[in-house]
Amino acid sequence: MHDIVITGAELEHELLADLIAEIHPERVLLRPSEPALRLEGVERTADLKPLREAAERLQADFFRLPAGLSVKSFRAFFFDMDGTLIENECIDDMARAAGCLAEVEKVTRATMEGRLSFTESLEGRVAHLKGSPLSVIDHAVEAARPAHGAAELMKFAKRAGVDCYVVSGGFTAITRPVAKRLGMTGAVSNELEVRGDRLTGVVRGPAGGRILDADGKRRAVEVLAQLHGCSLKEVLCCGDGANDLEMVRAAGIGVAYHAKPVLRTAAAQQINHSGLEAVMLFFREAWRDAVPLG
């Protein structure tokens with residue numbers, strides 16, 4: 001059996017009533033505040049395509065989940081930062097403050113065209129920040145705009161005893177303040193080299209090691225999961241880009257958040273319309289105040 005969750009700002013559940021009846025759920029719950037629907041006890045063999053297509057026409061997200069999924073089955077949540085936890089691309093904010101945005105964007109375009117690896121791209125972009133004052137970091141921290149629903153999701157996880165981490169190809173000077181602002185457990189990310197009160201244009205990986213790329217992010221999740229005494233099946237990973245592919249694939253629940261196509265096709269769950277608060281709706285604990293329909 002599965003549970004189906006449908007949520008979206010423009011969702012009108014009455015328009016889906018006939019299609020819902022066709023798949024014979026054991027129970028239908030409504031959360032008017034989202035709005036959101038949970039269809040409990042749907043047979044695995046049920047044809048969900050018409051309902052999924054109707055939800056998409058209403059610009060609603062559609063999730064197929066294990067029946068009765070509980071947040072208590074999870075020990076840790078892991079999030080990419082830029083484009084996931086926050087709306088910004090922090091290196092662009094730094095470059096804008098440093099006056100080298102055009103040069104950084106040129107490297108970004110080469111990366112999007114497949115001419116550079118993530119590590120080459122990151123090193124190339126950071127090189128343009130050489131000699132910049134540390135105030136460019138402060139600018140990026142102050143400019144960081146949490147994604148819609150991020151704070152609400154972190155509070156939900158904290159109440160459930162789930163630790164939340166940033167795992168990012170960005171920089172600890174920014175990921176740590178963002179994690180602290182959102183009440184998260186910690187952050188794993190790359191490090192900007194500093195000499196005096198200036199950036200040297202050099203970036204290193206966590207603790208001065210290898211650059212944290214897609215494989216590194218998965219390894220970070222594996223190590224943190226082990227420290228929490230759990231398996232990868234007991235973690236949730238959420239991101240938006242190719243650099244998140246490995247950790248999202250590895251997780252018990254992998255979430256593509258307003259993601260690039262390469263990640264959307266690999267993730268079991270996709271959030272294309274809602275904010276991060278939609279992650280809470282995966283779990284039965286978020287439905288305690290829901291209203292039964294029918």
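**View 1. Strands β9 and β10 pair side by side.** Strand β9 (residues 235–239) and strand β10 (residues 253–257) run parallel and are joined by 4 bridges. Here helices (H or I, at least four residues) and strands (E, at least two) are DSSP runs, numbered from the N terminus, and two strands pair if DSSP finds at least two bridges between them. L236 faces I253 of β10. The model is predicted, so local features need pLDDT of at least 70 and side-chain atom pairs count only at pLDDT 80 or more, while totals for chains, interfaces and linings use all residues. Residues are numbered from 1 along each chain as its sequence is written, and side-chain values use heavy atoms, with hydrogens and water left out.

**View 2. The open sheet of 7 strands has mixed pairing.** The strand order is β8-β7-β6-β5-β9-β10-β11. At its edges are β8 (198–204) and β11 (269–271), each of which pairs on one side only. From one strand to the next, the twist averages 25°; angles run from 0 to 180 degrees between N-to-C directions, and axes are lines fitted to C-alpha atoms, for helices over the stretch in contact.

**View 3. Strand β6 is largely enclosed by the rest of the structure.** This is so because 8 of its 9 residues are buried, where buried means under 20% relative accessible area, exposed over 50%, and partly exposed in between (1.4 Å probe, protein chains only). β5 and β6 run parallel and are joined by 4 bridges, and F77 stands opposite C164 in β6. β6 also pairs with β7 in the parallel sense, over 4 bridges; the bridge partner of Y165 in β7 is G186.

View 4. Contact means heavy atoms within 4.5 Å.

**View 5. What covers the buried residues of helix α9?** These residues are A214, G216, K217, A220, V221, L224 and A225. Their cover includes β5, β6, β7, β9 and α10 (245–250). An α-helix has 3.6 residues a turn, so residues three or four places apart point the same way.

**View 6. Helices α4 and α5 are roughly antiparallel to each other.** The axes of α4 (residues 101–112) and α5 come within 9 Å and cross at roughly 170°. Angles under 35 degrees count as roughly parallel, over 145 as roughly antiparallel, 65 to 115 as roughly perpendicular and the rest as oblique. V104, V107, T108 and T111 of α4 meet S121, G124 and R125 of α5.

**View 7. The open sheet of 5 strands has antiparallel pairing.** Its order is β4-β1-β3-β2-β12. β4 (61–66) and β12 (291–293) are the edge strands, each with a single partner strand, so one side of each has no neighbour in the sheet. Strand β2 (residues 27–31) pairs with β12 in the antiparallel sense over 3 bridges, and V28 stands opposite L293 in β12. Helix α2 (residues 49–57) packs on this sheet, touching β1 (2–7), β3 (36–42) and β4, and its direction makes about 140° with that of β4.
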